[in-house]
Amino acid sequence: MQSSSDKNSESWDVGWGCCPQLKDCQRFFTQKHERNSGHHETSPLRFNNHDKNRTGGGIENHSAVKMRRFIRESVSSDTTKSKRDMSPPTGITNLTNLVKELFRNDVKSNSSEPNSGYDSDSKDQWPTCTSRAKVCEKSRVEVRNFHSMEKSSHEVRVSFKTDEKNSYASEKREDSKGPMDSKEWRRVGKEMVDYIANYLDTIGDLRVTPKVEPGYLRPQLPDRAPLKSESWDRIMSDFNEFIMPGITHWQHPRFHAYFPSGVSYPSILADMLSDAIGCIGFSWAASPACTELETILLDWVGRAIGLPEAFLSSPVNSKGGGVIQGSASDCVLVSLLAARFHTIKQVKQKFPQQKDAEILSKLMAYCSKEAHSCVEKAAMIGFVKLRILDTDKDFRMEGSVLSKAIQEDKSMGLIPFFVSTTLGTTSCCSFDPIREIGEICEKEQVWLHVDAAYAGNAFVCPEFQYLLKGIEYASSFNTNPNKFMLVNFDCSLLWVRDRFKLTQALVVDPLYLQHSYSDNAIDYRHWSVPLSRRFRALKLWFVIRSYGIEGLQKYVRKHCRLAKYFERIMLRDERFEIMNHVILGLVCFRLKGTNDLNQKLLSSINASGELHMVPASMNDKFVIRFCVCAQNACDEDILFAYETISQFATKLLEVMKSLEVEKLEAQALEKKEKKMLIDEVGKEKSTKLEEIPEVKDEKSPDSKEENESVDKVIVLDRRKKASLRYKRSFFVRMVSDPKLYNPKIVKALSTSNDQTSEENECNEILSPI
């Protein structure tokens, strides 16, 4: 897609297939470039009419110039078309004739080169070229007219696809052939495995975040779905061309935002197998193995992370059990719904005359301001009130604050029913005191939920299980193996001490879902909001068996060690400060200074594409979160991250210092010039007053003259400062205005800097820096 600065330019791709009949003709377009750079024959040749030099593969030759002229003339006659009109430009139907002419010209111009394979004097040469042109005429010539977000900007891509084995126009294999069969699946499946392995092996060579703008994809895809099936090779080609440029690479070794997103080869293989089986495990009868493996795996993991026996389903007469949900948000929601149902039921037993709606309007839930936003969303869905409590200096919920809030609400006739605590908060990975909170919840008969989406996985290591103290007071607990246990999304585990309280809140039992084993088996459709459920236990089983508990412990400990290493490096640099207690894999830091300074630092780092991090607010301070995310992260990645952050901080501080000096100098100069002007004007005024004793009106010509003089000085001063600003580097302007992180503004700024008119200069003067 073209930038806004290229509004009147067109570009096109000329892609050659692997057809042997075209190889000789193709050589004349690409042989020089292949000799110099090893360019592959199937790669496109890209030309831009606003640049004399070629910007893609191939060479700039007579044929390219002629192709440029032809496309320009064809497109120029077609600019009145609608933005969404994907039909080819008028005149493209003559493309075959153009190809014939290009072949002839290139044969003549290259006949003197050694090993050209053609003799310009040979009478048999031209029929051969003509036959090759007919091959192009019979083959599919793909022409795409992609309009950019700017109405007057578009590009045309012309592709010749003539692969005999996989031609879109081949009679033996057409796009309309139909869905993929097992033979093709075996071929492309092996290719996909190689593709995934190569992607993960070389991901470190890519830019972490995409360099695209919102809406980049829509202009590149048709408005309607294709009527006929398309070949797999074509689909993958479009994936690489259109989708991959817009991907944020979460598995990149320099991706340090949010929390880890687990990926491992055993998990990927399990998802492939699960998708092939395609079972919908909403009940035991729907797929017995799907249900029973999930029950067993939840007991495995529960024991591994140190949960009490009351949360497991295997002990005799146990009411507890676990279930796999789609996300931690689902876990919090169903827990709140279960607590709501149970509380309304209890109140109605005491006061049968009260209606559900009346009780619902009095229900009050609690969480800290460090709790995840999903708690607030769950309260919205559940139509209950939520009170967000302040935290202590370590960003933890305080028992005394919770107790006081509960008593205040009860005195107002409200009904406390749900408390959500967090082990490993999103902003700074702090840990609420579960025992202290749990004792209060038990006393007040309030449902206590513990959200350990990230940190719960670390409890597989015994040295971190001290953070679970007081978990016996909890009614529900959740953690996400897809964050910190190498399992692909989605896989969130929820345990409850009393599964009947959960299922009573969600049970819906139509006849078509009932089966003869309902009394003796678990039906997970009663444990969650969705009815349909994937076979997610399979990937958890594959990962645990492939790595073993020891392998998972090693992985968690490595991430925690790398985070402590990053903390030590940052503490050696006196310019930075650490804002959280680093226990697991998250470090929160900031550059000593204002929030604005740190915001500019993060914006400049992210804009570079070298690293990717996200911010958080801690006690109204803007902090930068650095999380160890990549599976194969190492010390070199941590050191690279520090060096990158340090370099950007150095540049930023230098720029801010120079800006401050310039600002002070400009203020002093302006003050001095204003004073001189006022003194000069005052002398003139006093002289005139001596000559003319009467008092003049404020709006007299002299007053206007004085104002005009002052304005003139200010404008001149602004122009002087604008001249300095114009000479600054892009980095200076970017860190001075965080809005320049927007690529659109960056492009517009680059365009405006190339213009030297007085009007644009005035705009530069008035624009903030």
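## A tour of salt bridges

Select E463 and R557: their side chains form a salt bridge, 2.7 Å from N to O. The term means a side-chain nitrogen of Lys or Arg within 4 Å of a carboxyl oxygen of Asp or Glu. This pair links distant parts of the chain, 94 residues apart. E463 sits in the loop between β9 (447–451) and β10 (476–479), and R557 in helix α16 (residues 537–572). Helices (H or I, at least four residues) and strands (E, at least two) are DSSP runs, numbered from the N terminus.

This is a predicted model: local features need pLDDT of at least 70, side-chain atom pairs count only at pLDDT 80 or more, and totals for chains, interfaces and linings use all residues. Residues are numbered from 1 along each chain as its sequence is written, and side-chain values use heavy atoms, without hydrogens and water.

Next, select R387 and D409. Their side chains meet in a salt bridge of 2.9 Å, N to O. R387 lies in strand β7 (residues 385–389) and D409 in helix α12 (residues 399–411), so the pair ties together parts 22 residues apart in sequence. Is D409 buried or exposed? D409 is buried, at 3% relative accessible area. Buried means under 20%, exposed over 50%, partly exposed in between (1.4 Å probe, protein chains only).

Now go to D490, in the loop between α14 (481–484) and β11 (492–496). D490 counts as buried, at 14% relative accessibility. Salt bridges that share partners join D490 with D271, R534, R536 and K539 into one network.
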